[in-house]
Amino acid sequence: MDLTQNFLFPNELHIYWTVMIVLYPYITGMVAGAFIVSSFYHVFGMEKLKSIARYALVASLAFLLFATIPLLNHLGKPERAFNIMLTPNFTSAMSGFGFVYMTYMVIVVLEVWFSYRSEFIEKFNQSTGVAKFIYKVLILGNTNDNENTKRYDKKLVIFLGGVGIPIACILHGYVGFLFGSLKANLWWSTPLMFIIFIFSAIVSGLAVLIFLYLFVHWKRKIKIDQESIDLLSKWLWGFMIIAVTLELMEVLSISYERTARWAILEQLINGKLKISYLYLQIGLFSIVPFLMLSVTSLAKFNVKIRNFIIWLASGMLLLQVLLMRWNVVIGGQLVSKSMRGFTEYFPGYFDKEGIIVSFLLIFTPFLLLRAFDHYFPFFPKKDK
Amino acid sequence: MDNIERRQFLKLGIYSSAGLLVGSFFAFSKGNDKIDVLEYDDLLKFDWGYVVDTTKCIGCGSCVRACSVENSVPDTFYRTWVERFEIDNHEIVRVDSPKGAIESFKEDNFKSDISKAFFVPKICNHCYNSACTQVCPVGASYHSPDGVVLIDKAHCIGCGYCVQACPYGCRYIDHKKGTADKCTLCYHRIHKGEEPACVNACPRSARIFGNLKDPNSKIRKILNQRRYGLLKPDLGTNPKCYYIGLDLEVV
C-alpha cells in the first residue's frame, strides 16, 4: 500500500490509551515478577534466596497497591470503576480484571501478614502508646506466638505462595491477552502476546529486585548476600533471553509471512518506532545488558566490579521493559486501522496523563517500599 | 376475633397505600409528556440496516454536517465521515478526508492524470458480531433489540477498550463527558419513524436506510438487486452497512 499520503480515519487523530496504560502493565509486571521470585524461596525452598524472599514479597505488595492508580487516572469515569465488578460483561477480556486483581491482592496481603505476624507480636510487646495500638490492630488482637503458631504461619505462607504463582501469571498474562486478543490492531494481535508479557514481567521483577537490593546495600554499607545476587542475575540473564527471543521471533514470523499487515508494520518499525524500538529497546537496552550479564554469569572476576555490572544491567533491563510497554501500547495505536498511515503521540509534560504525573506514579511505589522497610524491616539497618 | 381484626387492618393498610401510590402517580405525572416507547416484541420486528451507494456520493459533506448538528458531535470527532479516493495513471492511490469532509473537499490531491476517483462515506457498521460490544467490560455497549449498537452513557466507565476494538475507527471517547460515543443511526429519530439525519441530508440518495427484516423495504430490494461489499469481511464482524460499488482500495 502507498503510505506517502499518511491517511488516518478521522477519529484516529487522537491516541486513546495514553502513557498511563503503558505504566499499568509495567507496574503489574514488577508485581508478578517479584512475587514469583519470593515464591521460589517460600514454596520451592530455595535457601539461597532466603535474604531476598521477604523483601521481594513486600516489594510486590508496594507495587500492587499502586497498580490501579494509572488506570483510575485514565478512566473517563473513574467514579464508575466498580461497575467492572458489579456488572461484568464476561465476553470482555477486561471484565475479569477486578476479580483477578482482588484475588491477587488478598493473597499477597495475607502472605505478607502471615510472614510478619510473629514480628508484629514482638513489636506489640515492646512498644507503647499509639504504636502499641497500631500493632494491636495489625495482629488483630491475637498475641499467640509459639512453635505451633509459627509452624502454622509457615504452612499458610507456603500455601498462599503456591496459589499465588498461577494467579500472578494470570494477572499479567491476562494483561497481554487484553492486547493480543484485539483483532482490530495490527501490532497487538498475536497469540504470543500474553506469553511475551509473562516473561517480560519476570524480567522486570527480577531486575527491580536486584537493582534495589544492591543500591540499598551499598548505601547502607551492609554485606551483600553474594550467592543470591549471583543466582538472581543468572535468572535475569536467562529470562531476558527468552523474553527478547520471543519478541523477535514474533516480528520475524510476521515479516516472513509478508502479508499486507507486514507492509505497514515494517514502516512502523523503521519509522515511528525506529528510535524507541530498534535502537533503544532492542539495540541498547537488550543487547548490551545481555552481553553484560553473559560476562557476569560465565566469567569469574572481582566481586565489586561484577556487582556493579549486574546492577547496571538490571537498571538497563528495567528501562528495556518500560520501553517494551511503550512500544507495544503506544506503537500499536500509532498505526492507522486504514493501513495507510500513522498518527503522532506525545503525552505532554503537565497534562493529567502527562510526563510529570507518570514520573510521580512510577516513583511512589518506591517511596512506599522505603516506608515499609522502616516499619516492617526486610533489610538489615547496618552491618552487625 | 383478634385475627380477623388484624387481617382487616392489614387489608385496609395495603389498599390505602396502593391507592396513595396510584393516586400520586397520576397527580405527579404529566400527561402530555407521554413517550411512545415500543414494546420489546415490537422492536424485534425491525433489523435496521444501511446501504451506501459509493457510485452516487459526490463528497459534498452534507451528511457530516447534518450528523454533527443533529447529535452535537464534539469538534475533531466524527460519527460519520466521507473519504475521497483518487487513483492516477500509475495506480498511485491518494486518500484523504480533511476534517471528515465536514467542509467538503477543497482541492484535488493530484494536479492531473487522475484516472479514477470516488467518494466513500463511512459510518458505524452496527455489526452483527461487533467487536466493541464483545470487549466492553461493563456491558455498557449493547445491541438494541432492533439491531442497533448503542452505548449506555450512564454506565460507561470510559476505558476506551471499545475504541481500540473497533476495526473501522468509528468510536471515540468524548473527553468532556468521559464516555465512549459513536453513531446511533439517530436512534432518537428512527424510533419516531424518521430517517437518520445523514440519510435525510444526502442530496444524491447515496445513503439508504431501512428495515432488513421487511422483505418489501427499499433496502431489502436494493440488496436483492445490486452487488455489494462489506468492509474488512475477514475480521468476522459481519457488518450491517452494505457498500455498493466498493473498490478494492477501500478498507
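**Exercise 1. Which strand of chain B does strand 1 (residues 48-53) join, through how many bridges, and in which direction do the two run?**

Step 1. Take the bridges. Strand 1 (residues 48-53) of chain B is joined to strand 11 of chain B by 4 bridges. The two strands run parallel. This is a predicted model.

Step 2. V51(B) has Y242(B) as its bridge partner in strand 11 of chain B.

Step 3. Look for another partner of strand 11. Strand 10 (residues 228-229) of chain B is joined to strand 11 by 2 bridges, and these two run antiparallel. Here Y228(B) has I244(B) as its bridge partner.

**Exercise 2. Is L223(B) buried or exposed, and which residues is L223(B) in contact with beyond its neighbours within four places in sequence?**

Step 1. Locate the residue. L223(B) sits in helix 8 (residues 218-225) of chain B.

Step 2. Apply the cut-off. L223(B) is buried because its relative accessible area is 6%, and buried means under 20%.

Step 3. List the contacts. Neighbours within four places aside, L223(B) is in contact with V51(B), L212(B), Y228(B) and Y242(B). Two of these names form a bridge pair from Exercise 1: V51(B) and Y242(B).

Step 4. Check a distance. L223(B) and I244(B) are 21 residues apart in sequence, and their C-alpha atoms are 8.9 Å apart in space.

**Exercise 3. How many residues of chain B are in contact with chain A, and what area is buried between the two chains?**

Step 1. Count the contacts. 51 residues of chain B are in contact with 36 residues of chain A.

Step 2. Take the area. About 3600 Å² is buried between the chains, and carbon and sulfur atoms give 55% of that. In chain B, the most area is lost to chain A by I157(B), Y161(B) and Q164(B), together 22% of what that side buries.

Step 3. Find the charged pair. The rule finds 1 salt bridge across the interface of chain B and chain A. E249(B) forms a salt bridge with R340(A), with the closest N and O atoms 2.9 Å apart.

Step 4. Sort the chain B side. The residues that touch chain A divide into 27 nonpolar, 15 polar and 9 charged.

Methods:
Residues are numbered from 1 along each chain as its sequence is written. Chains are lettered from A and ligands numbered from 1 in the order in which they are written. This is a predicted model: local features need pLDDT of at least 70, side-chain atom pairs count only at pLDDT 80 or more; totals for chains, interfaces and linings use all residues. Side-chain values use heavy atoms; hydrogens and water are left out. Two strands pair if DSSP finds at least two bridges between them. Buried means under 20% relative accessible area, exposed over 50%, partly exposed in between (1.4 Å probe, protein chains only). Contact means heavy atoms within 4.5 Å. Buried area is the accessible area (1.4 Å probe) that two parts lose on being put together, summed over both. A salt bridge is a side-chain nitrogen of Lys or Arg within 4 Å of a carboxyl oxygen of Asp or Glu. Ala, Val, Leu, Ile, Met, Phe, Trp, Tyr, Cys and Pro count as nonpolar, Asp, Glu, Lys and Arg as charged, and the others, Gly among them, as polar.
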